[in-house]
Number of protein chains: 2
Amino acid sequence: MKADLITIGDEILIGQIVDTNSAWLAKSLHDIGIRVNQIKSISDEASDIIDALDSSKAEIIIITGGLGPTNDDITKQTLSRYFDSELVFNEAVFKHIGQLLVGRGIELNALNRSQAMLPKDAKVLFNRTGTAAGMWFNSNDRQVISLPGVPFEMKGIVEEHVLPELLNQNGGHVVVSKTVLTTGLPESMLAVKIADWENNLPNHLKLAYLPKPGIVRLRLTAEGANRTEIEESIQKELEKLQQILTKEIFGFDEETLEQVVGRLLLEKKCTLSTAESCTGGQIAALITSVAGSSAYFKGSVVAYHNQIKSDILHVNDSNITKYGAVSQQVVEEMAMGAIELLKTDYAISVSGIAGPSGGTQEKPVGTTWIAVSDGKNTISQQFTFGEHRGRNITRASLMALNMLRLLIINKI
Amino acid sequence: MKADLITIGDEILIGQIVDTNSAWLAKSLHDIGIRVNQIKSISDEASDIIDALDSSKAEIIIITGGLGPTNDDITKQTLSRYFDSELVFNEAVFKHIGQLLVGRGIELNALNRSQAMLPKDAKVLFNRTGTAAGMWFNSNDRQVISLPGVPFEMKGIVEEHVLPELLNQNGGHVVVSKTVLTTGLPESMLAVKIADWENNLPNHLKLAYLPKPGIVRLRLTAEGANRTEIEESIQKELEKLQQILTKEIFGFDEETLEQVVGRLLLEKKCTLSTAESCTGGQIAALITSVAGSSAYFKGSVVAYHNQIKSDILHVNDSNITKYGAVSQQVVEEMAMGAIELLKTDYAISVSGIAGPSGGTQEKPVGTTWIAVSDGKNTISQQFTFGEHRGRNITRASLMALNMLRLLIINKI
């Protein structure tokens with residue numbers, strides 16, 4: 001089965017919001033063997049919605065957006081006209097909207113009541129977390145599913161109603177992907193290093209390189225009728241790849257470096273703290289974004305001001321004066337200071353010039369020192385990132401987590 | 001002028017990555033008065049690329065992706081065939097690729113050399129930050145621009161080559177949008193509160209509601225030939241709206257709460273610190289994502305473990321035992337602790353149960369206490385967010401920044 005995704009909303013076409021719904025939907029459909037042909041974003045205009053429906057060649061069309069209570073939302077009206085299905089009052093949906101709003105201390109108004117008017121020929125998809133119900137139209141040889149644009153409402157409806165039904169309809173055909181996450185080598189060097197392996201891949205396996213700053217992902221894909229067979233053939237190739245990229249592979253699929261580091265710390269029953277200057281708490285935030293991180297993460301000192309580096313982390317004042325806050329001496333003392341103050345087994349520390357200002361000829365914007373320590377060994381490294389503040393913070397956080405990973409597995 | 005955006009890459013259709021390039025491009029084009037009709041994501045297949053080109057009705061087509069050095073990238077080959085323009089070796093591009101890779105300590109290989117082969121009829125768009133050059137084809141009544149998919153490379157080329165040329169071509173016609181950022185009222189209550197204002201808007205102004213968790217954005221749009229006139233008519237309506245939403249409006253357009261709070265602190269020449277438990281450094285990371293934040297942000301103690309709350313922030317141990325770490329007493333002492341330890345004028349503190357585990361009947365997952373303090377007044381509030389860890393952290397961070405904003409402007 002093939003699907004098209006259509007996102008409705010001027011806010012996407014003028015670049016006000018990024019369409020994250022489509023990526024989530026595409027992934028969910030891919031996992032149950034439904035191929036997405038096309039993702040399209042169009043405006044809140046009835047004629048554009050109708051054009052998109054007319055031109056789609058897919059058996060399943062999933063539309064998100066335009067179901068809100070306000071006047072600029074026209075998806076429901078347009079679909080009910082397109083499928084010639086009049087709007088009727090839905091008592092259950094109205095009751096649910098009432099309960100939802102009362103729970104939030106909001107009074108029911110006419111706009112909310114209009115959300116309980118639904119096309120009589122569509123299957124209503126109950127929305128537990130919001131007021132806009134989903135709709136499922138069946139016409140001739142295709143199905144059109146309309147969902148609210150608020151991400152968590154859309155996801156709730158898809159998980160509860162849409163995926164189980166589509167999985168049922170699709171019976172059998174599967175697509176399997178496995179993604180290998182690497183760091184430490186840029187795309188072209190990685191390609192050379194694994195060229196022999198790549199050239200010897202069986203024909204039914206497709207390889208894609210997916211680079212992003214600091215990380216290159218390698219995706220292997222195959223499809224067919226037998227999931228186990230496909231998975232085994234992918235697994236066989238992965239094992240060969242792991243022999244080649246012993247240091248570079250840090251995880252698979254949706255794993256993040258912060259999850260991998262968390263898993264390693266749990267396995268070793270060790271604790272971690274961070275002492276951050278230019279990353280401003282970002283590394284701690286990444287680590288604590290992982291559920292269960294309180295088992296190994298004790299805390300952080302964000303020492304943005306130098307006074308905090310010396311007063312709280314006990315960095316030697318004279319080293320700050322002599323070498324500067326962005327220096328090997330200071331970053332190593334920050335790591336040791338975190339271990340002593342927060343009483344942890346490991347610590348990460350970072351001090352750099354994130355920019356856009358603060359750079360000098362000797363230490364331009366992007367200059368960053370990172371240290372990792374287990375109390376006995378402190379390993380530090382200087383990086384020269386770029387001129388972009390946000391990207392510098394992201395890369396520094398990534399490199400710091402990777403240095404900790406290599407320290408824990410004794411490969412640094 | 002109208003444009004279509006086409007993103008190429010299977011990784012988008014299987015949901016492995018979110019297409020952020022299109023949003024950025026759409027915004028950049030919108031700002032120079034070029035309307036985006038459609039955003040489309042298609043696969044790395046020559047036939048799909050050709051179909052997309054054939055079916056587009058726009059005068060400008062911007063394609064991103066598929067220009068990498070590896071075998072799965074086929075955009076350049078496909079376009080050179082489509083426009084019947086053979087690939088020729090470009091000395092300047094080759095030299096640039098060489099310099100770029102040497103600077104990164106990478107050896108030049110055959111894959112890199114192939115990136116210097118470019119269609120002879122396309123204008124070459126030099127890529128300062130990467131190895132894949134952009135291409136600009138002019139054919140009959142339309143223009144096709146092909147760009148690399150790596151976001152910062154794409155942006156560099158667009159800013160340097162594409163926008164200036166398109167701005168020049170479009171001479172005159174403008175679209176103006178202004179977005180009002182509000183927090184504190186859900187969409188339907190906000191709609192009722194501003195109903196009179198909305199109903200009395202002049203016809204040429206279009207209003208859209210754009211909700212996301214904790215924030216509702218209101219976007220006013222108009223287009224025409226005279227930018228000043230349009231801007232003045234929008235401004236007039238905004239002033240009326242500000243009389244109605246005195247507390248709720250926190251900013252405009254792309255502003256973030258962390259930028260607004262930063263601006264207020266700069267104006268008052270005051271400093272800030274944070275003491276974070278469940279937000280794990282996220283608030284500090286948001287604050288320091290703003291360039292220049294070192295002028296008012298001194299640092300943070302991420303007290304994930306209770307021992308750090310008492311040892312470092314001097315929260316009374318007996319209060320943690322008596323009331324629990326997620327309590328008014330503890331969160332207020334955390335704020336005071338941060339002010340004393342980090343010597344700042346203001347502090348934010350948060351303690352909550354982010355989930356998915358750790359909830360009790362009395363304090364379910366999502367229960368969060370937030371305090372803001374100026375040293376004299378400490379104001380705290382309990383929130384009950386939901387069950388989703390990431391969303392709880394996001395909402396807590398947002399609410400904390402908003403409480404600080406209201407404290408600084410004396411509206412809490």
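Visitor: How many helices and strands does chain A have?
Guide: Chain A has 16 helices and 17 strands, where helices are DSSP runs of H or I with at least four residues and strands are runs of E with at least two. This is a predicted model, in which local features need pLDDT of at least 70, side-chain atom pairs count only at pLDDT 80 or more, and totals for chains, interfaces and linings use all residues. Residues are numbered from 1 along each chain as its sequence is written, and side-chain values use heavy atoms, with hydrogens and water left out.

Visitor: What percentage of chain A is buried?
Guide: Of the 412 residues in chain A, 58% are buried, meaning under 20% relative accessible area with a 1.4 Å probe, protein chains only.

Visitor: And what does the C-alpha trace span?
Guide: The C-alpha trace of chain A spans about 80 × 60 × 40 Å along its principal axes.

Visitor: What area do they bury?
Guide: The two chains bury about 6,600 Å² between them, with 58% of it on carbon and sulfur atoms. Buried area is the accessible area (1.4 Å probe) lost on putting two parts together, summed over both.

Visitor: How many salt bridges are there between chain A and chain B?
Guide: The count is 5, a salt bridge being a side-chain nitrogen of Lys or Arg within 4 Å of a carboxyl oxygen of Asp or Glu.

Visitor: Which residue forms a salt bridge with A:Lys343?
Guide: The partner of A:Lys343 is B:Asp311, and their closest N and O atoms are 3.7 Å apart.

Note on methods. Chains lettered and ligands numbered in written order. Buried < 20%, exposed > 50% of the residue type's maximum accessible area, 1.4 Å probe, protein only.
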